[in-house]
Amino acid sequence: MQGVILVTGALGQIGTELVPALREKYGVERVVATDIRMPAKDAAIADGPFELLDCTGPGELREMVRRYEIGAILHLAALLSAVAEDKPQSAWRLNMDSLYRVLEIARQHGCAVFFPSSIGAFGPTTPRDHTPQDTIQRPTTMYGITKVAGELLCDYYAQRFGVDARGVRLPGLISHVAPPGGGTTDYAVEMFRQAVRYRHYACYLRPDTRLDMMYMPDAIKAIMNLMAADPAGLEHRNAFNITAMSVTPDELAAEIRKHLPDFAIDYEIDPARQAIADSWPRSIDDGAARQEWGWRPDYDLGRMVADMLDKLRLKLGPAR
Ligand SMILES: NC(=O)c1ccc[n+]([C@@H]2O[C@H](COP(=O)([O-])OP(=O)(O)OC[C@H]3O[C@@H](n4cnc5c(N)ncnc54)[C@H](O)[C@@H]3O)[C@@H](O)[C@H]2O)c1
């Protein structure tokens, strides 16, 4: 990536880990973290440039792009799937209006753009197993609608105006640094924390709900590698399917039990989040990302669970 990098929504689950990784690779002063709220004083992100930025506000982003001579905008700010279903009007406003503004500013100032789409960009009529890169996308959630529209808008700005807009369709992300922000796959992170603390978790999805997942280090690697890839090799540019594993709550619990044999799970289904999960693929085909920019995850289910438990045990201390 050229020039200074600006990250929106930088205090969220992804930004909290992406910003330090970018600063390590490109230098602290070359990465400006922004969010609508302030970081905690002791947060790692506060060690470098930070700006308050409401992506739905007029003018502020453009002023920052000028002031810092921004070369790339990594646009993470969004409402996630479960929250977006609860507040569809706010989701449209944040997820769509801000992306349009980011792309317009990128067009005028020659910035590259990263846009994270999601497995939520698929719907009930999409083939649910080995979901192809290019296939039917008729999502039934506001989140999914904003993600498909976002993918198309990024393609449009790339083709029509030559904006270097790139993106991936992320699966559910599992991490231990920042809490998840209200997605349908948050159960996986909750399960780990409850397992380490209390040896018990009540899951809001059915035991056989199969969805794609990924450990955060792989997601960070994917974003950095895609943005650094030679554009000549990118046929798709945007909305690359990427995945690392396809798991059910029951399988995740069984893997955790290999390390914590007294961990118990039961199920209290939340119909709203179950309906969202049932409209998404069970497993996606990430062949295009593998072929076009060499995508390959480092963590399968076993490696991810072992590392998550190590890290959480250090963070949360012994079980109560
Ligand atoms: N985490 C996942 O599992 C996942 C999966 C697929 C796609 N994604 C996508 O990746 C992106 C980042 O996800 P995340 O998990 O880090 O989200 P998150 O909810 O954890 O963080 C979003 C951040 O955006 C900030 N924000 C909210 N409103 C804002 C506004 N008006 N202006 C500026 N900032 C604002 C919030 O304060 C928060 O820090 C989103 O676009 C999301 O749709 C995430």
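This is a predicted model: local features need pLDDT of at least 70, side-chain atom pairs count only at pLDDT 80 or more; totals for chains, interfaces and linings use all residues.
Local features need pLDDT of at least 70 and side-chain atom pairs count only at pLDDT 80 or more, while totals for chains, interfaces and linings use all residues. Residues are numbered from 1 along each chain as its sequence is written, and side-chain values use heavy atoms, without hydrogens and water.

**View 1. R67 and E63 pair within helix α2.** Their side chains form a salt bridge (a side-chain nitrogen of Lys or Arg within 4 Å of a carboxyl oxygen of Asp or Glu). The N to O distance is 2.7 Å. Both residues lie in α2 (residues 60-68), four residues apart, about one turn of the helix. Helices are DSSP runs of H or I, at least four residues, and strands are runs of E, at least two, numbered from the N terminus. R67 is partly exposed at 44% relative accessibility, and E63 is partly exposed at 36%. Buried means under 20% relative accessible area, exposed over 50%, and partly exposed in between (1.4 Å probe, protein chains only). E51 joins E63 and R67 in a network of salt bridges.

**View 2. R282 bridges to D129.** The closest N and O atoms are 2.9 Å apart. R282 sits in the loop between α9 (271-278) and α10 (287-293), and D129 in the loop between β5 (112-118) and α5 (142-161), so the pair ties together parts 153 residues apart in sequence. R282 is partly exposed at 29%. D129 is partly exposed at 40%.

**View 3. R37 meets D35.** Their closest N and O atoms lie 3.8 Å apart in this salt bridge. R37 is partly exposed at 46%, whereas D35 is buried at 7%. The whole structure holds 17 salt bridges.
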